Amino acid sequence: MHRIPQAFLSYKQFILVKIIPNPKGGKPLKIPCDRHGNKHDAHDPAIWLSPLDAVTIATNTGFHIGFVFTENDPFFFVDVDSCLIEGAWSPLAIDVFNRFPGAAFEVSISGIGMHIFGTAQAIDHNHKCQSAYSTN
């Protein structure tokens, strides 16, 4: 069953994703595709779907659902890899998740990672932080 958080429901930024084995081993490959299963650029708004269309197509095809984050939406995404260990979240995963009260999370496709997402006010990325470290 596909669960989409309420805050995302008014955005037509959903895509379909095929998961295929990686021929080189390791993590499976996530291939963004159009509604017919053809490989496509995830950042092309022409293939973006409403949440209802994405769920309907994914349910009927077995594809996974993705969401394309843009500068025009209020969402953030944090990916914590390899943090579900023997059925329990690592202390790092718990700490990171607790830093985002009200955020939602899901287990990644690998089955051992955590995706954290929610809404936040954008920050200006054009400013550099000055380092407290000095070589003088």
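This report walks through a predicted model of a single chain, from its confidence and fold to its aromatic rings and a few backbone details.

## Confidence in the model

The average pLDDT of the chain is 89, and 88% of the residues score at least 70. The stretch to treat with care is residues 129–136, where pLDDT stays under 50. For those residues the model has zero contacts beyond four places in sequence. Where pLDDT is low, the predicted coordinates should not be read in detail.

## Overall fold

The chain contains two helices and eight strands. Followed along the sequence, these elements come in the pattern β-β-α-β-β-β-β-α-β-β.

Of the 136 residues in the chain, 28% are buried. The accessible surface amounts to about 9,800 Å², with 55% of that area belonging to carbon and sulfur atoms. As for contacts between residues at least 6 apart in sequence, 54% of them join residues at least 24 apart.

Three strands come together as an open sheet, ordered β2-β1-β3, with antiparallel pairing. The edges are held by β2 (29–33) and β3, each of which pairs on one side only. From one strand to the next, the twist averages 45 degrees.

## Aromatic pairs around F8

The aromatic rings are well worth a visit: a search of the whole structure turns up twelve aromatic pairs. In one of them, the ring centres of F8 and F67 are 4.8 Å apart and the planes stand at 85 degrees, so this pair is edge-to-face. F8 belongs to the segment before β1 (14–20) and F67 to strand β3 (residues 64–67), so the pair ties together parts of the chain that are 59 residues apart in sequence. Both F8 and F67 are buried.

F8 also pairs with F69, and because the planes are at 85 degrees, with centres 6.4 Å apart, this pair is edge-to-face too. Again distant parts of the chain are linked, since F69 sits in the loop between β3 and β4 (75–80), 61 residues from F8. The relative accessible area of F8 is 5%, so F8 is classed as buried. F69, with 31% relative accessibility, counts as partly exposed.

These pairs belong to a wider picture. Ring pairs join F8, Y11, F14, F67, F69, F75, F77 and F117 into a cluster.

## Two residues with positive phi

Finally, two backbone spots deserve a look. S82 has a phi near 45 degrees, a positive value in a residue other than glycine. This serine lies in the loop between β4 and β5 (84–85).

E86 is not a glycine either, yet its phi is positive at about 50 degrees. E86 is placed in the loop between β5 and β6 (88–89). Its relative accessibility is 84%, and therefore E86 counts as exposed.

Notes:
Residues are numbered from 1 along each chain as its sequence is written. This is a predicted model: local features need pLDDT of at least 70, side-chain atom pairs count only at pLDDT 80 or more; totals for chains, interfaces and linings use all residues. Side-chain values use heavy atoms; hydrogens and water are left out. pLDDT is the predictor's confidence in each residue, from 0 to 100. Contact means heavy atoms within 4.5 Å. Rings of Phe, Tyr and Trp (its six-membered ring) pair if their centres lie within 6.5 Å; planes under 30 degrees apart count as stacked, over 60 as edge-to-face and the rest as tilted. Helices (H or I, at least four residues) and strands (E, at least two) are DSSP runs, numbered from the N terminus. Buried means under 20% relative accessible area, exposed over 50%, partly exposed in between (1.4 Å probe, protein chains only). Accessible areas come from the Shrake-Rupley method with a 1.4 Å probe; for residues, only the protein chains shown count as cover. Two strands pair if DSSP finds at least two bridges between them. Axes are lines fitted to C-alpha atoms, for helices over the stretch in contact, and angles run from 0 to 180 degrees between N-to-C directions.
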